[in-house]
Amino acid sequence: MATNRTFTMLKPDSVEKGYIGAILEKINAAGFRIAAIKMTQMTVADAEKFYEVHSARPFFGELVEFMTRGPIVAAILEKENAVEDFRVLIGATNPVDAAEGTIRKLYASSMGENAVHGSDSDDNAAIEGAFHFSGREIF
Ligand code: ATP
Ligand code: MG
């Protein structure tokens, strides 16, 4: 995957609350092109693998339970400086600390239920995109 791509998930809380359209609108307005998108639900095994880096953290069980409780919207987004710019657009992990106008400030309810995921590096964007999409689902 090219380095001008990032990967996102609209987490189960966003889907449950009917925020898919509003969040995609923010993503479009910020200049990201959608290269791949789908609604899917992660199994417990999927979520444990996806968030493997956090497996020793005290919140891991809660994170896996949350991420598997309902469908998500997974997407690959393209833009110059995609990883960094998307992290700015979503805001801090804890919505209390997120800047005004960011997706998490607008739509997240807590540190755990924080509306969206954004890759933290080009390498992880490629790994995470490939986790959810096959080559023929990426345009
Ligand atoms: P994400 O990887 O989902 O984009 P992030 O990079 O901002 O979020 P990470 O440190 O990677 O934050 O944590 C992954 C996810 O684990 C967070 O988005 C949040 O849902 C959850 N999480 C992180 N820290 C805590 C915590 N202290 N308590 C509860 N949940 C947490
Ligand atoms: Mg992260």
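A pocket is, on a 1 Å grid over the protein atoms alone, an open set of points with protein on both sides within 12 Å along at least five of seven lines, and a molecule sits in a pocket if more than half of its atoms lie within 2 Å of its grid points. By that rule, ligand 1 sits in the largest pocket. This is a predicted model, in which local features need pLDDT of at least 70 and side-chain atom pairs count only at pLDDT 80 or more, while totals for chains, interfaces and linings use all residues. Residues are numbered from 1 along each chain, chains are lettered from A and ligands numbered from 1 as written, and side-chain values use heavy atoms, without hydrogens and water.

Around ligand 1 there are 13 residues (a heavy atom within 4 Å), the closest being Lys11, Arg87, Thr93, Asn114 and Gly118. Oxygen atoms of the ligand make polar contacts (N or O pairs within 3.5 Å): a polar side-chain atom of threonine 93 lies 2.5 Å from one, a polar side-chain atom of arginine 104 lies 3.1 Å from one, and a backbone N or O atom of glycine 118 lies 2.9 Å from one.

Elsewhere, the side chains of arginine 5 and glutamate 78 form a salt bridge at 2.7 Å, N to O, the term meaning a side-chain nitrogen of Lys or Arg within 4 Å of a carboxyl oxygen of Asp or Glu. Because arginine 5 lies in strand 1 (residues 5-10) and glutamate 78 in strand 3 (residues 72-78), the pair ties together parts 73 residues apart in sequence.

Notes: A polar contact is a pair of N or O atoms within 3.5 Å; within protein, one must be able to donate a hydrogen and the other to accept it, and residues adjacent in sequence count only if both atoms are side-chain atoms. On a 1 Å grid over the protein atoms alone, a cavity is a set of points where a 1.4 Å probe fits but cannot get out, and a pocket is an open set with protein on both sides within 12 Å along at least five of seven lines; lining residues have an atom within 4 Å of a point. Helices (H or I, at least four residues) and strands (E, at least two) are DSSP runs, numbered from the N terminus.
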